[in-house]
Amino acid sequence: MISVSSCLCALFLASLTYSAPAPQGNAVSPAASSVVISAVSSVVSSAISSAAIPSASAFVSSAAKSSHTSTATATASGTSSAPAATATVPFISLDPNGPLWNINSTTTPEAIRGSLGASVMGPTDEYTVKQNPDMLAPPSTDHGSLGNAKWAFSLSHNRLQTGGWARQENVNVMPMATEMASVNMRLEVGAVRELHWHKTAEWAYMLKGKTQVTSVDSDGKNFIATVGPGDVWYFPAGVPHSIQATDDDPDGAEFILVFDSGSFSEDSTFMLTDWLAHVPAEVIAKNFQTDLENLAQLPAEELYIFPAPLSSDSSEPKSPQGTVDNPFAFEWSKSKATALKGGGSVKVLDSTTFKISKTIAAAEVTVEPGAIRELHWHPTQDEWSLFLEGNGRMTIFAAQSNARTFDYQPGDIGYVPAAMGHYVENIGNTTLRFLEIWNTDKFQDISLNQWLALTPPALVKAHLGLSDDVLSSLSKTKQTVVGDA
């Protein structure tokens with residue numbers, strides 16, 4: 001009598017005979033192997049015809065299926081033409097994943113997306129929730145624990161002075177932003193951001209109005225210029241300078257300052273009046289070669305921002321050493337933006353055109369409704385961004401399945417650490433305009449579309465399962481902005 005266990009062992013050995021890879025040049029055909037299995041199955045079946053073994057046929061079927069897979073694998077590894085790729089993981093969901101509401105929605109936002117989540121029962125700041133739909137009900141593609149990549153200047157503490165104000169963003173309020181910090185400053189007509197210098201470089205973008213900036217470098221060469229809306233200036237670390245709003249605009253001026261260190265604080269600036277208030281008066285008199293009584297009007301503490309008379313062109317001093325070799329200001333407003341067929345525009349400013357700007361590069365981007373700043377990343381540079389107009393949405397991919405989506409309005413700051421993939425989508429019905437800024441001397445980015453277009457299509461197809469039509473439509477040049485398909 002043959003035992004049940006003996007039968008199963010025989011079947012198992014037969015399946016191994018079939019599924020094991022055959023030596024090169026001595027391959028056993030699948031048909032021959034099937035004969036072996038059939039023969040063993042027949043012997044077992046007749047020997048134990050009285051025994052009920054419900055799983056035996058299932059086992060043989062499973063062995064046959066397994067052997068087919070193994071044979072295909074062995075054949076593929078030994079040939080030059082690979083079979084069609086087979087998915088080893090589930091396919092993505094094609095369900096909509098857009099924002100579920102906006103600031104103008106009349107419905108009550110809830111922490112629900114599809115079958116996930118539940119209503120909010122506790123107190124809610126509904127205005128903030130409406131501005132940030134992807135916080136309360138994030139897309140299903142979000143995952144992990146990526147830190148906060150949004151800060152609103154409206155949440156920054158404001159320092160009010162006679163003649164203006166200033167508010168800042170740094171790692172204290174946005175820990176992710178380690179490479180750059182910023183200040184938003186407003187000056188009334190004639191108001192001065194007093195003579196000062198920093199340990200870091202200072203890059204500025206004029207939002208409204210005009211300012212006169214002055215500076216002197218370490219060679220005694222000076223620089224004086226008027227900077228208007230859309231223009232920029234850059235002062236290297238340690239170079240002293242001042243900023244004064246002109247009367248070209250009756251409201252004065254407002255601008256954004258960006259510094260090449262995330263830990264920068266406007267409160268730790270080296271200021272002229274603060275320094276002299278902490279130097280013995282007789283030392284100051286000796287330094288300036290004057291009598292002590294002539295120093296009686298020196299401020300006892302820093303001025304920071306204060307009103308002052310506007311200087312005339314005739315009062316501008318001429319340095320015997322001449323003016324600085326590379327100007328500290330650039331009329332970026334006069335640079336022509338490149339129109340993009342995807343629905344937007346871009347213009348880039350870095351040290352190739354603004355030579356003095358060795359640690360800050362920038363781009364001004366516009367994206368029309370429905371279009372996106374294409375999927376891309378920056379190889380080695382963090383990106384600091386400021387949203388100027390419109391409504392944007394950005395998802396940041398941080399590797400290891402970590403991804404998070406943020407919503408932006410005018411006055412919001414975005415931040416993307418180096419090498420993290422991202423896009424910016426216009427989710428409003430007006431033009432989206434924003435600045436992209438990097439702590440580097442030269443702009444660099446890598447386009448996902450271009451990368452795939454310049455990779456062998458069979459390899460891309462094996463990864464993504466895209467059709468030949470889609471593969472042939474990938475762009476071999478950067479598009480920067482792309483619209484709806």
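Start with the largest nonpolar core, which has 75 residues; such a core is a set of buried Ala, Val, Leu, Ile, Met, Phe, Trp, Tyr and Cys residues joined through side-chain atoms within 4.5 Å. Buried means under 20% relative accessible area (1.4 Å probe, protein chains only). Select Met 185, Trp 203, Trp 233, Trp 384 and Ile 437, the members with the most contacts inside this core. Then select strand S13, residues 253–259, which contributes the largest share of the core, six residues; strands are DSSP runs of E, at least two residues, numbered from the N terminus.

The model is predicted: local features need pLDDT of at least 70 and side-chain atom pairs pLDDT 80 or more, while totals for chains, interfaces and linings use all residues. Residues are numbered from 1 along each chain as its sequence is written, and side-chain values use heavy atoms, with hydrogens and water left out.

Next, centre on Trp 384. Leaving aside neighbours within four places in sequence, its contacts (heavy atoms within 4.5 Å) include Glu 169, Met 180, Ile 256, Val 258, Tyr 415 and Ile 437.

Finish at Ser 447, in strand S27 (residues 446–447). Ser 447 counts as buried because its relative accessibility is 1%. Its side chain reaches the backbone nitrogen of Gln 450 at 3.1 Å, and a polar atom of that side chain lies 3.3 Å from the backbone nitrogen of Asn 449. Not counting residues up to four places away in sequence, Ser 447 touches Glu 374, Leu 375, His 376 and Lys 478.

Definitions and conventions:
Buried < 20%, exposed > 50% of the residue type's maximum accessible area, 1.4 Å probe, protein only. Helix = DSSP H or I, 4+ residues; strand = E, 2+ residues; numbered from the N terminus. Polar contact = N/O pair within 3.5 Å; in protein donor to acceptor, adjacent residues only side chain to side chain.
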